[in-house]
Amino acid sequence: MPINLYFMKKILVAAVLFCSSFFVANAQFETNEKNAFSFRHLDFGISAGTTGLGFDLALPFHEQFRVRAGFSFIPEFNKKINFGIEGRRKDDNGNWVSTKFDSMADKFSDLTGLKIDDSVDMLGNPDFYNGNLLVDFYPIKKCAFRITAGFYWGGSKVANACNTVEDAASLIGVNIYNQFYEKIENGDPLIGDDVYLAPDQEEKFLQNGRLGIYIGDRVDNGEPYMMEPDENSTVKVNIFVNSFKPYLGTGYGGNLTKNGGVKLEFDAGVLFWGGTPEVITHDGTDLAKDLVNVRGKVGRYVNFIKRIKVYPVINLRLSFRLF
């Protein structure tokens, strides 16, 4: 994850100092020192929850207001997702039909000596990191309940998945097989200007169709979507949301020490990240919006993602008073 933590810390400190200078300047309009905006103290907080691990600086600038600036990220971890490879072609009536993978794999192995497995594993991992600026409002004086509003801002890609290294050879085989199929279908030689397969061998290729990963059916025409490897013989999926994510929530906390130097707080709210996330494959297909009947475990993941119109935030925060 290309994040310069030192640079981020510099930005956060600058943001807090800017906010403090703004509110101190406005204090000139107050005559009552108790209610005037003032640089009372600064807290450093660490947090953990659905936005990942984070840290922030918190500045109370009024009896009922506090500003927080921080950064959070979800540590990298891998989740394996399995895709099945199969053959598919159109019959004489123009309908798509499945074909036997084994016969296709055996034919390809006879021609090239390469083996194509009937499934591909992909490793998915989060890519979720955000800076944030939040304002806490305490509607009841001397009560730890608060209302929080602000925003998170980070990368638009929040998760990604790519095939495992072990399955790279199979995906190369799929690309080679489909290249053979295209040349035979177009009547072109396999190699050079005059190297063709025997007519019966070519007929078997045409009967078997193309190889790919059947994900689901297209919304626009109902035809099956067969995901094929890209030019680098890889398959990829990325999940995108808005970079700018407004936040609204509530919180509560209390002192862990008598002098209030250490506090434990709880946050609960939602990030408005732009509605249904985009689940984009390497060929530009959105699995969440362009397809229906997405099957198997992939379908369960996609259906789950489609339901998350806003991102739930549940965090615990432990803070320490710096001064």
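## First stop: Thr148

Select Thr148 and Asp136 and show their side chains: a polar contact of 2.6 Å joins the two. Bear in mind that what you're looking at is a predicted model. Thr148 belongs to strand S8, residues 146-154. Is Thr148 buried or exposed? Its relative accessibility is 0%, so Thr148 counts as buried; the cut-off for that word is under 20%. Now pick out what Thr148 touches, skipping residues up to four places away in sequence: Arg68, Leu134, Val135, Asp136, Tyr247, Leu248, Gly249 and Asp267.

## Second stop: the barrel

Eight strands close into a barrel, and the order to follow is S1-S2-S3-S7-S8-S13-S14-S17, with antiparallel pairing. From one strand to the next, the twist averages 25°.

To find your place along them, click Lys263, whose bridge partner in S17 is Ser319. If you show backbone atoms here, remember that strands of a sheet pair through backbone hydrogen bonds, either parallel or antiparallel.

With 7% relative accessibility, Asp56 counts as buried.

Now select residues 236-240, which make up strand S12, and show the side chains. In a regular strand the side chains alternate between the two faces of the sheet. In S12, Val237 and Ile239 make up the covered face, while Lys236, Asn238 and Phe240 are on the uncovered one.

Strand S9 (residues 157-163) runs antiparallel to S12 and is joined to it by five bridges; look for Lys157 opposite Phe240. Strand S15 (residues 278-281) also pairs with S12 in the antiparallel sense, over four bridges, and there Ile239 stands opposite Val279.

Select helix H2 (residues 101-112) and helix H4 (residues 199-208). Their axes come within 10 Å and cross at roughly 145°, and H2 passes H4 in a left-handed crossing. Show side chains for Ser103, Met104, Lys107 and Leu111 on H2, then Gln201, Lys204, Phe205 and Asn208 on H4: these make the contact. Sorted by class, that contact has three nonpolar, three polar and two charged residues.

## Last stop: two loops

Finish with a couple of backbone details. Ser233 sits in the loop between strand S11 (224-227) and S12. Ser233 is not a glycine, yet has a positive phi of about 60°. At 11% relative accessibility, Ser233 counts as buried.

Then jump to Asn293, in the loop between strand S16 (291-292) and helix H5 (296-307). Asn293 is likewise a residue other than glycine with a positive phi, near 60°. Is Asn293 buried or exposed? Its relative accessibility is 57%, so Asn293 counts as exposed.

How values were computed:
Residues are numbered from 1 along each chain as its sequence is written. This is a predicted model: local features need pLDDT of at least 70, side-chain atom pairs count only at pLDDT 80 or more; totals for chains, interfaces and linings use all residues. Side-chain values use heavy atoms; hydrogens and water are left out. Buried means under 20% relative accessible area, exposed over 50%, partly exposed in between (1.4 Å probe, protein chains only). Two strands pair if DSSP finds at least two bridges between them. Axes are lines fitted to C-alpha atoms, for helices over the stretch in contact, and angles run from 0 to 180 degrees between N-to-C directions. A crossing is left-handed if the near helix is turned anticlockwise from the far one by less than a right angle, and right-handed if clockwise. Contact means heavy atoms within 4.5 Å. Ala, Val, Leu, Ile, Met, Phe, Trp, Tyr, Cys and Pro count as nonpolar, Asp, Glu, Lys and Arg as charged, and the others, Gly among them, as polar. A polar contact is a pair of N or O atoms within 3.5 Å; within protein, one must be able to donate a hydrogen and the other to accept it, and residues adjacent in sequence count only if both atoms are side-chain atoms.
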